[in-house]
Every structure is written in structure tokens, then in C-alpha cells.
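Please read these notes with the structure open beside you. Each point takes up one topic.

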Amino acid sequence: MQKSWAEAYATARDSAKPLPGEPTPVGAAAGRVLAAAVRCERPVPAFDNAAMDGYAVAGAGPWTIRGRVLAGAVTGGPVVTPGCAVEIATGAPVPAGTEAVIPYERCAVDGGVVSAGRPERAHIRRAGDSLAVGALVVPAGRTVTATVVAAAEQAGAEQVLAHRAPTVTLLVTGDEVISDGVPGPGQVRDTFTGLVTAVTARAGGVLDGRRLLPDRRDLLDAALREAGTDVVVVSGSSSAGAADHLHELLSAGGATWLVRGVACRPGHPQALAVLPDGRWVVSLPGNPYAGLVAALTLLEPLLTALAGRPAAVLPCAPVSGSPKLMPGGVRIVPAEADGTLIGAGSVGLHAAANADFLAVLPGDWTPGSPATLLRVP
Ligand SMILES: Nc1nc2c(c(=O)[nH]1)N[C@H]1C(S)=C(S)[C@@H](COP(=O)(O)OP(=O)(O)OC[C@H]3O[C@@H](n4cnc5c(N)ncnc54)[C@H](O)[C@@H]3O)O[C@H]1N2
Ligand code: MOO
């Protein structure tokens, strides 16, 4: 059941459908993905208004000034008849009868009378000129950015249909793992919570709960049952040791294994399974760098798909260095932005912390040839 790295990544990316769309206030939808197109509900602009500060006129000049209308006015003020002008501000509703707005700089004003050459342009923005009711604002599938929010609000959309953001529970296993403070003898400080939070957020998910669990089968079993999220991430307990209960529990619980082991170093014990109730379980090996590799191999593409986001197109660029390769599998090595590989074992995170990418190096890779790159969170 062990898969190649590419098969494992593709399985995580392709196995999940986007979560259903739900009506969401536009302002709360940022980062989510549109499950339906946003259409214009209010014309843009909403009413005929002046495109310039100046005078609204009709007929031939000179024009006698009859009043003034500023932006925010409910109506365009006095009706403009031939020979009349109304002083007007950009964005103000144009008075009925207006044929053109003449900018101040083209006008001469003397004793309440405006003179100007023949207007070259109307300088009136008509209702719906920019976007008419029913027109497409943004299509389904687009991630809601700040600009999408602003465009939807401008077009009068109060709510959008957005895919639900996948929720994640992180179960950090290990008798020896502490969440903060100075580790005592035999203890280690948890390195997974921050990384899983960041990878989850980057993929459009939400970390909804985190628990530290001692290596007890009954407690892990209960925690797996209780996690009410779309995805349960378990760090540690991925291997074959006496305290590693996850695989046994998942098999006993009727889980379907989609990935069970990956031909990569580090991170080979990582796994992806689906519980009978549809929840996903991602197993991250306990060694910290191996766990980061697994989070980028399985967790990120899975969450991206559940969030309804388009699959990432992984960059591929030449990298150089002399890492030990893995015959028949891939070695995953931190790399700087210029392609320089930085050595790493499966435990220390310092090399990844100094890298921009993790380079996926096939067994037959040669220095200077291209490699698929995973962005370091
Ligand atoms: N007989 C075998 N033993 C091991 C194999 C194997 O194939 N056969 N694989 C090795 C590899 S590779 C890895 S990776 C680890 C995976 O171990 P687990 O996922 O079961 O994790 P643990 O045994 O609980 O811990 C391993 C290591 O990582 C440290 N750890 C765990 N959680 C955290 C955390 N939250 N923060 C920081 N460090 C953590 C833990 O203290 C251990 O040192 O198995 C190998 N063994
Ligand atoms: O996957 Mo373990 O990954 O080498 O430490």
C-alpha cells in the first residue's frame, strides 16, 4: 500500500470533493472559495452622476446658475433647462435635463453666468455603465480576496455562496511531548501545533481544536471519535512502536487507507485514511522535519481540495547540492530560493527554517537538474 511520493500527493489532492457551499456574509467570506458566481444586484454606478466637478448644463451657453448639487444629495436638485446650469460635484446625481457636465477648468464664470465652448464630452456616468444588474462580478471557483469582497459589495451583493472552510483537529501524541516551557528529562517541546496551524490556514482551512495526548490507545481512540471536524491530524504514533496505536485503531475502526506509507525520506510512515463517517485522518510522523514533509505532502493538498481551491501548480526549478539520494524513492531536502540545497535529517527543523522550499529529489536526480518544490510555511 506504500505509494510513490507523486502518487501520494496526487491521492491527497484528488480524493476529496469541495465541501458544500453555504450562504456567507460577503465580509466574512475572505479566504473562502465561491461555490457560485457573484452577480451584480445593484447597477454600478447606481444612479446617473457627474464624472467631473463643474456645471451641469443643457442647450447652448451661456448658462445662468440655478443651484448646486453635491455628492450625497438624494436628488439632482433643480431641473436643468436650456440656458441653465447647476454647479455639481463629482459623484453627485445629475439634475434631470442635464445634457453635459462642463469641468470648472473649461468655464468662465461672471456674475452668476457660466460661459464655455461647446462641451466635447458629457462627463456623465450613467447608471449601470460599469456593470448592469445580473452581470457577472466574479465566477464560481474564485477565492474571495479583499478585492472580491469590495467588488461584491460595490455590486450590492450582501451574501455569497462560499464553500465551507475545512475544519481540523490536531491530536499531538506522545508521553514525552509538552506544549510549552522547558522540557524535563526525556521530554520534547511540541513543534507541530504552529506548523499545522500555518499549513491549515494557507490551504483555506481552520484549526478548530488541539489536544496533547499521552501514548494511550483508549485516549487516542476516544479523541478520534470525539473530533467533530472534517479532518483529524495526528502527529506521532505513525510507526510500529509499542506506543504507536494509530494504525491499529484506524484499521479496527473500518477506515479506508488511501495512503499508507510513502517512498520518501524523511516522512515515509505518513498516511491518509477516511473514516466510515467521512472524516479524513492525516498521520504525520513524529520526527519534526518528517512531520513537516508529511504536512506538505498530504495535509495541504487535501485541505486545498476540501476548501474548493484550485490545486496548486507546484513550481519546478533547477537545484544544486550533493544530498544523499533514496534509490527507488525521493529525498526531500530544504532549498534556498536560488536552488541551493541545505542538508537536513528527519529531526531538526533549522535547515527548513533557513529554506524557502523543500525540493523533491528523485532517486536518479543529478545536481543542477530541476526538482518539484514545496513552499516552506
Ligand atoms: N521499527 C521502526 N521504527 C521506526 C520506523 C520504522 O519504519 N520502523 N520509522 C522511523 C521513522 S522514519 C519515523 S519518522 C518515526 C515515526 O514515529 P512516530 O510517528 O510513531 O512518532 P513517535 O515515535 O511518537 O516519535 C518519534 C520522534 O518524534 C518526536 N516527536 C513526536 N511528537 C513530537 C512533537 N509534537 N514535537 C516534537 N517532537 C515530537 C518524539 O519525541 C520522537 O523522538 O519512527 C521511526 N521508528
Ligand atoms: O520519516 Mo522518519 O521520517 O525519516 O524520521
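1. Strands (E, at least two residues) and helices (H or I, at least four) are DSSP runs numbered from the N terminus.

2. The model is predicted: local features need pLDDT of at least 70, side-chain atom pairs count only at pLDDT 80 or more, and totals for chains, interfaces and linings use all residues. Residues are numbered from 1 along each chain as its sequence is written, while chains are lettered from A and ligands numbered from 1 in the order in which they are written.

3. Which residues of strand 6 point one way, and which the other? Cys84, Val86 and Ile88 point one way, Ala85 and Glu87 the other, and all are buried.

4. Strand 6 pairs with strand 4 (residues 54–57) in the antiparallel sense, over 4 bridges; pairing requires at least two DSSP bridges between two strands. Here alanine 85 in strand 6 stands opposite valine 57.

5. Strand 5 (residues 63–69) runs parallel to strand 6, joined to it by 5 bridges. Threonine 64 has cysteine 84 in strand 6 as its bridge partner.

6. Around ligand 1 there are 25 residues, of which Gly236, Ser238, Ser239, Pro285 and Gly286 come nearest. A residue counts as near if its C-beta atom, placed from the backbone, lies within 6 Å.

Key
A residue is buried if 20 or more other C-beta atoms lie within 10 Å of its own, exposed if 12 or fewer, and partly exposed in between; C-beta atoms are placed from the backbone.
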